[in-house]
Amino acid sequence: MSSPVRLMIAAVGAAVLALSACSSSGGAGSASGGKHSGDVDVLSAGSLVTVVQKALAPGLKSTSGYTVENFSAGSKDLAADIKGKVKQGDVFISASPATNATLEGSANGSWVSWYATFATSQLVLGYNPHSTFAAALKSKPWYDVITEPGLRIGLTPPASDPKGALAVQALGDTAKAKGLPALTAIGTKAANQFPETSLAAEVSAGQLDVGFFYQAEANAANIPTVPLTGVDLKATYTVTVLKHAPHEAAAEAFVTYLLSSAGTAALKKYGFDLVTPVTRSGTGVPASLTSVVH
């Protein structure tokens with residue numbers, strides 16, 4: 001056998017072995033029997049941390065193979081980190097549609113061109129059941145109880161979190177309606193402001209008597225609540241795939257799972273109110289998501 005022929009056979013054999021190795025090893029994002037490997041980086045509002053980590057992440061892993069890497073914080077803080085390129089993510093889930101506007105358009109980096117609104121959750125007052133004020137909260141108006149001497153109250157920073165802004169609005173509106181100026185001072189006092197990721201722990205541990213929460217996150221933390229009578233304010237949750245998502249296929253798989261029957265069942269289990277049908281704002285929805293984002 002001539003030398004050129006031997007060289008050609010060797011080259012073909014090496015190519016076959018290389019293809020076989022690639023097929024069996026399966027790199028990040030590769031599919032095997034409908035399953036994939038690799039991560040999807042989710043930046044989610046702090047009130048979603050439990051449902052993402054305990055329900056959506058394992059659900060996505062079992063159905064598609066993708067692993068969720070979730071980072072939760074106040075929606076406004078997350079948007080600022082995305083815009084400032086402090087954090088890079090694939091999926092952004094906000095608790096306020098208005099937050100998306102800060103990432104839209106060329107002046108804001110065009111990080112968001114569309115988003116889907118999929119759920120809401122009512123703003124409520126959560127309390128520690130062992131608090132000395134627990135009984136009063138069950139029998140008296142919430143706005144009278146939270147001004148009692150000695151009560152320790154918490155809300156998230158209104159400048160960085162939509163929930164904190166809603167709490168300040170609830171306090172201000174009720175102060176005007178009931179003639180209770182002391183309520184306004186509660187919302188502006190810096191000592192009453194806590195990070196969204198730690199507020200539930202502060203109430204559960206008894207460091208605070210009460211705190212402002214969304215109903216769904218209070219449910220997840222087993223914190224009892226009373227309604228904010230006279231006030232009707234809520235979180236409105238949106239989801240989008242960010243521009244230049246490093247793991248675009250995984251991001252689209254996450255959104256598909258979130259809006260699927262399994263994902264919405266998880267949301268309902270934790271007490272979120274579903275928006276049906278899911279509504280879309282903006283343009284540029286990926287083709288793979290047009291069946292779930294209307």
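These legends walk through several close-up views of a predicted protein model.

**Reading notes.** Residues are numbered from 1 along each chain as its sequence is written, and side-chain values use heavy atoms, with hydrogens and water left out. Because this is a predicted model, local features need pLDDT of at least 70 and side-chain atom pairs count only at pLDDT 80 or more, while totals for chains, interfaces and linings use all residues.

**Figure 1. The whole chain and its confidence.** Let us start with the overview. The protein holds 12 helices and 11 strands; these are DSSP runs numbered from the N terminus, with helices (H or I) of at least four residues and strands (E) of at least two. Of its 294 residues, 45% are buried, where buried means under 20% relative accessible area, exposed over 50% and partly exposed in between (1.4 Å probe, protein chains only). Among contacts with a separation of 6 or more, 74% are between residues 24 or more positions apart; a contact means heavy atoms within 4.5 Å. The mean pLDDT is 90, and 88% of the residues reach 70 or more, on a scale of the predictor's confidence in each residue from 0 to 100. Over residues 2–33, however, the pLDDT is below 50, and this stretch has 14 contacts in the model beyond near neighbours in sequence. Where pLDDT is low, the predicted coordinates should not be read in detail.

**Figure 2. Ser 47 and its surroundings.** Ser 47 sits in the loop between strand S3 (39–45) and helix H2 (49–64). Its relative accessibility is 6%, so Ser 47 counts as buried. The side chain of Ser 47 makes a polar contact of 2.8 Å with that of Tyr 237. Such a contact is a pair of N or O atoms within 3.5 Å; within protein, one must be able to donate a hydrogen and the other to accept it, and residues adjacent in sequence count only if both atoms are side-chain atoms. Beyond its neighbours within four places in sequence, Ser 47 touches Glu 196, Tyr 214, Glu 217, Tyr 237 and Phe 272. Several of these names return in the views below.

**Figure 3. Helix H2, with a kink at Leu 56.** H2 has a kink of about 35° at Leu 56, shortly before the proline Pro 58. The bend at a residue is the angle between axes fitted to the seven residues ending there and the seven starting there. Buried residues in H2 include Val 51, Val 52, Ala 55, Leu 56 and Leu 60. The buried residues of this helix pack against strand S2 (35–36), S3, strand S4 (67–73), helix H11 (248–258) and helix H12 (261–269). Just after H2, Gly 65 takes a positive phi of about 95°.

Figure 4. How many salt bridges does a search of the whole structure find? The count is four, each a side-chain nitrogen of Lys or Arg within 4 Å of a carboxyl oxygen of Asp or Glu. Lys 163 and Glu 217 form one, with their closest N and O atoms 2.3 Å apart. Lys 163 lies in helix H7 (residues 162–178) and Glu 217 in helix H10 (residues 215–220), so the pair ties together parts 54 residues apart in sequence. Lys 163 is buried at 1% relative accessible area, and Glu 217 is buried at 9%. Salt bridges that share partners join Lys 163, Glu 196 and Glu 217 into one network. Elsewhere, Glu 148 pairs with Lys 140 at 3.7 Å between the closest N and O atoms. Glu 148 is partly exposed at 25%, and Lys 140 is partly exposed at 44%.

**Figure 5. Aromatic rings around Tyr 237.** The structure has five aromatic pairs. Rings of Phe, Tyr and Trp (its six-membered ring) pair if their centres lie within 6.5 Å; planes under 30 degrees apart count as stacked, over 60 as edge-to-face and the rest as tilted. The centres of Tyr 214 and Tyr 237 are 6.2 Å apart and their planes lie at 80°, so this pair is edge-to-face. Tyr 214 belongs to strand S8 and Tyr 237 to strand S10 (residues 234–241), 23 residues apart. Tyr 237 also pairs edge-to-face with Phe 272, at 5.3 Å centre to centre and 75° between the planes. Phe 272 lies in the loop between H12 and strand S11 (273–282), 35 residues from Tyr 237. Both Tyr 237 and Phe 272 are buried. Ring pairs link Phe 118, Tyr 214, Tyr 237 and Phe 272 into a cluster.
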